[in-house]
Amino acid sequence: MERVGGARAKKAINHQQRQKTAQIISELRLEHALPDLLTIAELSRSTYYYHQQRLTEPNKDQLLCDDIGHLFNEHNACYGYRRMTFILKQLGYLVNKKKVQRLMQLLRLKAVIRAPKKYRSDRGKEGRIAPNILMRKFDCEEPNHK
């Protein structure tokens, strides 16, 4: 039996649905009575006012998100959340790496990771030949003999 999503995903979906419902109720509130709308939508009054308050208050991380986006673009998408946290701390932000990682995921910012270079031992004719400083004789008539 495979578990898809989990409780946290269901909770997030329910939260978003209630948020949308509260927004719709606030639009219809001018035409209809609030208690009637809440009973139809099966939404409690406290949940409605909670989402109303959340819609009006500004995002507290907006300035941090703007700076993260600016720094990410300034450094050509090379900085991940660890380097970004270090740079933000240098700029004076008191921020945890987990918060920076969460905000970067929210903004869909992902660092471009360079692929490692392949090892090539055979350089062919272009390989570097060391100079014969000891004047050794490297000529042989048959293989495996000096």
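Before you click anything, here is how a pocket is found: on a 1 Å grid over the protein atoms alone, a pocket is an open set of points where a 1.4 Å probe fits, with protein on both sides within 12 Å along at least five of seven lines, and its lining residues have an atom within 4 Å of a point. Grid points are joined across faces, edges and corners, and the volume is the space filled by probe spheres set on the points. With that in hand, the largest pocket comes out at about 620 Å³.

Select Arg54, Asn59, Asp61, Arg102 and Leu106: of the 15 lining residues, these are the closest to the centre of that pocket. Now colour helix 1 (7-28), helix 3 (45-56) and helix 6 (97-106), the elements that each give two or more residues to the lining. Helices here are DSSP runs (H or I, at least four residues), numbered from the N terminus. Helix 6 gives the most, with five residues. By class, the lining has four nonpolar, five polar and six charged residues. For that count, Ala, Val, Leu, Ile, Met, Phe, Trp, Tyr, Cys and Pro are nonpolar, Asp, Glu, Lys and Arg are charged, and the others, Gly among them, are polar.

A quick word on the ground rules. This is a predicted model, so local features need pLDDT of at least 70 and side-chain atom pairs count only at pLDDT 80 or more, while totals for chains, interfaces and linings use all residues. Residues are numbered from 1 along each chain as its sequence is written, and side-chain values use heavy atoms, with hydrogens and water left out.

What do Lys99 and Asp61 form? They make a salt bridge (a side-chain nitrogen of Lys or Arg within 4 Å of a carboxyl oxygen of Asp or Glu), with the closest N and O atoms 3.1 Å apart. Lys99 sits in helix 6 and Asp61 in the loop between helix 3 and helix 4, 38 residues apart, so the pair links distant parts of the chain. Asp61 counts as buried at 10% relative accessibility, while Lys99 is partly exposed at 26%. The cut-offs: buried is under 20% relative accessible area, exposed is over 50%, and partly exposed is in between (1.4 Å probe, protein chains only). A search of the whole structure finds one salt bridge.

Next stop, the second largest pocket, at about 260 Å³. Its lining includes Tyr81, Gln101, Met104 and Ile113. Helix 5 (81-91) and helix 6 each give two or more residues to that lining.

Now for the greasy part: a nonpolar core is a set of buried Ala, Val, Leu, Ile, Met, Phe, Trp, Tyr and Cys residues joined through side-chain atoms within 4.5 Å. The largest one has 14 residues, and Leu64, Ile68, Met84, Leu88, Val100 and Met104 have the most contacts inside it. Helix 4 (62-74), helix 5 and helix 6 each give two or more residues to this core, and helix 4 gives the most, with five.

Finish at Thr85, in helix 5. Is Thr85 buried or exposed? Thr85 is buried, at 6% relative accessibility. Its C-alpha atom is 5.7 Å from that of Lys97, twelve residues apart along the chain.
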